[in-house]
Number of protein chains: 2
Amino acid sequence: MQVLKEGARPMLMAELSRRSGVPVATIKYYLREGLLPPGRATSATRAQYGEAHLRRLRLIRALVEIGEVPVAGIAKILAAVDDESESLHVMLGTVQYQLGPHPSVKPSQTDGDESWQAATREADDLIAAMGWKVTRAAPARTLLIAALATIRRTSAAPPAPGLRAYAEAVASLTDKEVASVDRQDADRQDVDRVAVAESAVVGMVLYERVLVALRRLAQEDASARHFG
Amino acid sequence: MQVLKEGARPMLMAELSRRSGVPVATIKYYLREGLLPPGRATSATRAQYGEAHLRRLRLIRALVEIGEVPVAGIAKILAAVDDESESLHVMLGTVQYQLGPHPSVKPSQTDGDESWQAATREADDLIAAMGWKVTRAAPARTLLIAALATIRRTSAAPPAPGLRAYAEAVASLTDKEVASVDRQDADRQDVDRVAVAESAVVGMVLYERVLVALRRLAQEDASARHFG
């Protein structure tokens, strides 16, 4: 990362803290952990920081506060952001795989478990039918299998729309989300990987919450119309 | 609730535990808390239980294990299930409002907070535009406002599809889900409120997880196609 951009006004730690909203003690912790590169030392006790520090702090803050990513996960994400030989796809995958919720599945829950095996086939058939290119190690694949296996273990009736309708609904939304990043980047020579990573955290976590909240409101409305 | 149906074979506590998958000690706790009505006493230490106990235990188990609802919330849901003078809409609303996540918003986060006020207008405008009939006290409305306010506080660009596209995607799915409950119930004289409540828990919680997992898989695929 370029520590001080030409022409950008450098700032001291206090200003970096004020503008980023991150307390000085926390910034010092990030410096010690290597999440933030050192500033340009101007004396034994003072250093100057630049806009790149500010933007990186905003990304770290989004990962901590919105993504609830632990420091080890943040280090992996920042390494992928910094390594410009890696594609944006690898960088975005690193962001997504470090975000929670992480599947916590014990082998005892899956080995020889008929519901788990049937749910795995159901998930993989759907992924194939949608033509989705995703890895078998994707945490979201395991989360999907876990939810489908739990559904199989309940006595509740399957829902009317069928799994495919859920997949198509999210595919349509997601394609528009990712395409917008693509278009923004096509306009610039140097892709702003820090900004793309920050948008990805917001898109993945906060719009997920938006989607879940909207679904519950839509349920309340549908219930009012059908049973009210 | 009808404790023993005519013609149904009564069972002892051990069989009720085995068939429901709920340990005897837990069943006794539910009996003490009044979540489960007493069986028909056949001696000072023995009682017989019926199919209604079994189905009610399955609903309680779904609320505990899938919905992570505390006992006080379960008591409210069961009261709404038992009160047949309440509409299915009130019963389903009680289920949804007791399910997490619950918004934890302090007045200090909202009073005089411009992001919060703008997010509230944005949410209510969307609800009005969709023609949704939901209460202002709906936890999902507060969760939506909280997510929108956090998005406003970040510097990330808004997503391409716009909020309305998210609302329409879930509305289409949800209408089919609720309509299927409606059709099932139109076929029967006595609506099985316990079964409707159990299906609602599964639909609200587990299909929410399905939707979130599918969205992340769709993101990975879209990222592979655009940036891979």
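1. A salt bridge is counted here when a side-chain nitrogen of Lys or Arg lies within 4 Å of a carboxyl oxygen of Asp or Glu. The note concerns a predicted model. By that rule A:R141 and A:D124 form a salt bridge, with N and O 2.9 Å apart. A:R141 belongs to helix 8 (residues 139-153) of chain A and A:D124 to helix 7 (residues 114-130) of chain A, so the pair ties together parts that are 17 residues apart in sequence. The two partners can also be set out by burial. A:R141 has 7% relative accessibility, which is under 20%, so A:R141 counts as buried. A:D124, at a relative accessible area of 24%, is partly exposed.

2. Over all chains, the structure contains 30 salt bridges. Some of the others lie within a single helix. In chain B, B:R19 and B:E15 are joined by one, the closest N and O atoms being 3.8 Å apart; both residues sit in helix 1 (residues 13-20) of chain B, four residues apart, about one turn of the helix. B:R19 is partly exposed at a relative accessible area of 31%, whereas B:E15 counts as buried at 16% relative accessibility.

3. Helix 3 of chain B holds another such pair, B:R61 and B:E65, which are four residues apart, about one turn of the helix. Their side chains meet in a salt bridge at 3.0 Å, N to O. Here B:R61 is partly exposed, with a relative accessible area of 33%, and B:E65 is partly exposed with 49%.

4. Chain A also has a network of salt bridges, which links A:R9, A:E15, A:R19 and A:E51.

5. On the overall build of chain A: this chain has 10 helices and two strands. Read from the N terminus, the order of its elements is α-α-β-β-α-α-α-α-α-α-α-α. Chain A has 228 residues, and 50% of them are buried. Of the contacts in chain A between residues at least 6 apart in sequence, 67% join residues at least 24 apart.

6. The interface between the two chains comes next. In this model, 82 residues of chain B are in contact with 82 residues of chain A. Between them the chains bury about 7,600 Å², and 68% of this area is on carbon and sulfur atoms. On the side of chain B, the residues that lose the most area to chain A are B:R215, B:R216 and B:F227, which together account for 11% of what that side buries.

7. The rule finds six salt bridges between chain B and chain A. B:R216 forms a salt bridge with A:E208, with the closest N and O atoms 3.0 Å apart. B:R216 is also among the residues of chain B that lose the most area to chain A. Counting residues at pLDDT 80 or more, 28 residue pairs of chain B and chain A are in polar contact.

8. Which elements of chain B give two or more residues to the side that touches chain A? They are helix 3 (51-66), helix 5 (88-98), helix 7 (114-130), helix 8 (139-153), helix 9 (163-186) and helix 10 (193-227) of chain B. Helix 10 of chain B gives the largest share, 27 residues. By residue class, the side of chain B that touches chain A divides into 48 nonpolar, 18 polar and 16 charged residues.

9. In soluble globular proteins, nonpolar side chains tend to be buried together. In this model the largest nonpolar core has 140 residues, and those with the most contacts inside it are A:W132, A:V210, A:L214, B:W132, B:V210 and B:L214. Which residues of chain A does B:L214 touch? Leaving aside residues up to four places away in sequence, B:L214 touches A:L126, A:W132, A:L144, A:L163, A:Y166, A:A167 and A:V170. Of these, A:W132 is itself one of the residues with the most contacts inside the core.

10. One local site in chain B remains. B:Q117 is placed in helix 7 of chain B and counts as partly exposed at 36% relative accessibility. With residues up to four places away in sequence left out, B:Q117 touches B:T110 and B:G112. B:I145 is 28 residues from B:Q117 along the chain, and the C-alpha atoms of the two are separated by 8.8 Å.

Terms used:
Residues numbered from 1 in each chain as written. Chains lettered and ligands numbered in written order. Predicted model: local features only at pLDDT ≥ 70, side-chain atom pairs only at ≥ 80, totals over all residues. Heavy atoms only, no water. Contact = heavy atoms within 4.5 Å. Buried area = accessible area lost by both parts, 1.4 Å probe. Polar contact = N/O pair within 3.5 Å; in protein donor to acceptor, adjacent residues only side chain to side chain. Nonpolar A, V, L, I, M, F, W, Y, C, P; charged D, E, K, R; others polar. Core = buried A, V, L, I, M, F, W, Y, C linked by side-chain atoms within 4.5 Å. Buried < 20%, exposed > 50% of the residue type's maximum accessible area, 1.4 Å probe, protein only.
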